[in-house]
Amino acid sequence: MRSLVALGLFVAPVFAVVGEWGQCGGINYTGDTVCDTGLVCTVLNPYYYQCLKGTATTTTTTTAPTTTATASLQALAKAKGKHFGSATDNPEFTDTPYTSLLFSSMFGAITPGNSMKWGPTNPSNGTYTYTNGDDVLNRAVAAGQIVRGHNLVWYNQLPSYVSALTDNATLQAVMTAHITNEVTHYKGKLYAWDVVNEPFSDSGGMRSWLYQTYVGTGYIAAAFKAARAADATTPLWLNEYNLEYAGSKYTTALSTVTDLVNQGVPINGVGFQGHLIVGSVPSQATIVGALNAFTALGLDVAFTELDIRMTLPATAALLAQQKADYKTIVNACLAVTRCLGITVWDYTDKYSWIPGVFSGQGAALPWDENLLPKPAYDGIVEALKA
Ligand code: G3I
């Protein structure tokens with residue numbers, strides 16, 4: 001029998017490359033996914049990836065979400081003894097599709113991204129306004145969610161009447177007054193307070209700012225003591241970024257927090273903010289080591305502001321790496337009993353702080369700007385289910 005080739009009937013498999021502007025991926029797409037030389041498969045939305053001029057020569061595989069966001073992250077996290085939450089901000093409450101998902105069973109914890117900070121709540125000496133913070137709290141409570149107080153003392157978003165001060169005693173007096181008033185207002189209503197936020201320098205040592213300069217490191221202990229005096233039970237946390245690996249910032253944080261614990265300062269936890277970069281997330285073992293260094297002091301830990309940014313545009317390869325990176329963080333928290341949960345710094349790229357601060361970067365969250373779940377969402381689900 002003569003072969004089909006000899007008959008001229010054999011058709012070699014064709015692995016076509018996609019030209020510029022051609023589709024190369026997306027939900028339900030089954031065509032070719034490899035872009036021509038000089039083009040990169042770029043995610044325009046979960047349903048449509050297009051070959052555009054770029055630095056990469058090929059794309060990997062289609063990494064569109066394989067599910068819609070039907071699995072509750074909170075339900076999955078709760079089954080593992082954790083919570084899964086999102087930050088939010090009051091101006092977003094006019095966006096009904098956004099609030100429908102935010103204040104739903106998808107999330108179990110809410111952090112106000114701005115409205116409980118010192119500047120917004122105490123704009124002038126003796127004036128307190130909790131309208132926006134209360135709005136976040138009331139919406140979350142109505143949805144059966146817990147709320148994290150964020151934050152009492154931070155170098156940023158200070159009221160101008162405080163920024164103008166230089167006198168040690170006056171600085172301590174206004175800090176105590178503010179903490180006492182706000183913690184009393186929210187007494188018994190929050191699952192934790194971020195009492196002191198970002199007190200450490202990125203290069204090690206203490207961050208140089210108003211209170212560090214004019215009061216000294218003792219402002220940290222004083223803030224925790226004032227918060228505890230106003231509320232005897234709400235857990236009090238220190239919150240910081242870049243603690244996920246053993247660098248100089250981590251070293252300073254660990255020694256400072258150790259001192260606080262040894263001095264009997266009422267601190268209950270350390271928040272790992274988790275503002276991370278796609279492809280540069282430390283290994284799970286490294287992160288678990290960092291978390292455990294603080295739990296060994298008798299403290300709780302959590303990921304309090306997680307987002308994992310990338311250089312735009314979001315390519316299929318970057319989204320796939322981001323999915324792996326989110327899984328690493330979830331797995332690290334799951335590996336540490338005293339890691340209480342994970343909160344993303346808002347859940348959608350639509351309201352992320354990243355593009356406004358890091359030019360050319362973004363797409364850091366598990367939902368895209370159209371509120372559609374990204375591969376990162378699938379990664380979180382997979383890790384929580386495993
Ligand atoms: O409220 C004013 C509004 O009246 C004004 O019209 C507008 C004009 O720019 O500014 C509004 O304030 C902005 C505020 O967010 C509320 O939207 C500030 O300019 C803006 O700087 C502020 O950004 C916040 C940032 O903290 C402040 O540094 C972000 O939303 C918030 O997500 C971010 O959150 C921080 C955490 O608290 C601590 N860890 C890092 C994280 C990201 O920076």
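Author: Let us begin with the word "buried", which is used for a residue with under 20% relative accessible area, while exposed means over 50% and partly exposed covers what lies in between. The model is a predicted one, and by that rule 54% of the 386 residues of the chain count as buried. In helix H11 the buried residues are Ala316, Leu319, Gln322, Asp325, Tyr326, Thr328, Ile329, Val330, Ala332 and Cys333.

Reader: How do you know that helix H11 spans what is expected at 1.5 Å a residue?

Author: Helix H11 runs over residues 316-334 and has 19 residues. The expected span is 1.5 Å times one less than the number of residues, and helix H11 reaches 27 Å from its first C-alpha to its last, close to the 27 Å expected.

Reader: Why is cysteine 51 called buried?

Author: Cysteine 51 has a relative accessible area of 0%, which is under the 20% limit, and therefore it counts as buried. Cysteine 51 is found in strand S3, residues 48-53, and, once residues up to four places away in sequence are set aside, it touches Val18, Gly19, Glu20, Trp21, Gly22, Cys24, Cys35, Leu39, Val40 and Cys41. Proline 266, by contrast, is 215 residues from cysteine 51 in sequence and 56 Å from it in space, C-alpha to C-alpha.

Reader: What makes threonine 256 buried, and which residues is it in contact with, leaving aside its neighbours within four places in sequence?

Author: The relative accessible area of threonine 256 is 10%, and because this is under 20%, the residue is classed as buried. Threonine 256 belongs to helix H9, residues 248-262, and its contacts, with those sequence neighbours left aside, are Phe200 and Met206.

Reader: Why is tyrosine 214 called partly exposed?

Author: Its relative accessible area is 37%, a value that lies between 20% and 50%, so tyrosine 214 is partly exposed. This tyrosine 214 is found in helix H7, residues 210-214, and it touches Leu165, Thr166, Asn168 and Leu171, not counting residues up to four places away in sequence. Tyrosine 214 and glutamine 172 are 42 residues apart in sequence, yet their C-alpha atoms are 9.6 Å apart in space.

Reader: What makes tyrosine 130 and tyrosine 186 an aromatic pair, and why is the pair described by its angle as it is?

Author: The count for the chain comes to 19 aromatic pairs. For tyrosine 130 and tyrosine 186 the ring centres are 5.6 Å apart, which is within the 6.5 Å limit, and the 80° between the planes is over 60 degrees, so the pair is edge-to-face. The two residues come from distant parts of the chain, 56 residues apart: tyrosine 130 is in the loop between helix H3 (118-121) and helix H4 (131-142), and tyrosine 186 is in the loop between helix H6 (168-185) and strand S7 (192-197). Both tyrosine 130 and tyrosine 186 are buried.

Reader: How do you know that the rings of tryptophan 154 and tyrosine 155 are edge-to-face?

Author: Their centres are 5.6 Å apart, within the 6.5 Å required, and their planes meet at 70°, which is over 60 degrees, so this pair is edge-to-face. Tryptophan 154, at 10% relative accessible area, is under 20% and therefore buried, whereas tyrosine 155, at 32%, falls between 20% and 50% and so counts as partly exposed.

Reader: Why is aspartate 346 called buried?

Author: Aspartate 346 has a relative accessible area of 4%, and because that is under 20%, it is buried. Aspartate 346 is found in the loop between strand S12 (339-344) and helix H12 (354-357), and it has a positive phi of about 75° although it is not a glycine.

Definitions and conventions: Residues numbered from 1 in each chain as written. Predicted model: local features only at pLDDT ≥ 70, side-chain atom pairs only at ≥ 80, totals over all residues. Heavy atoms only, no water. Buried < 20%, exposed > 50% of the residue type's maximum accessible area, 1.4 Å probe, protein only. Helix = DSSP H or I, 4+ residues; strand = E, 2+ residues; numbered from the N terminus. Phe/Tyr/Trp six-rings, centres within 6.5 Å; stacked < 30°, edge-to-face > 60°. Contact = heavy atoms within 4.5 Å.
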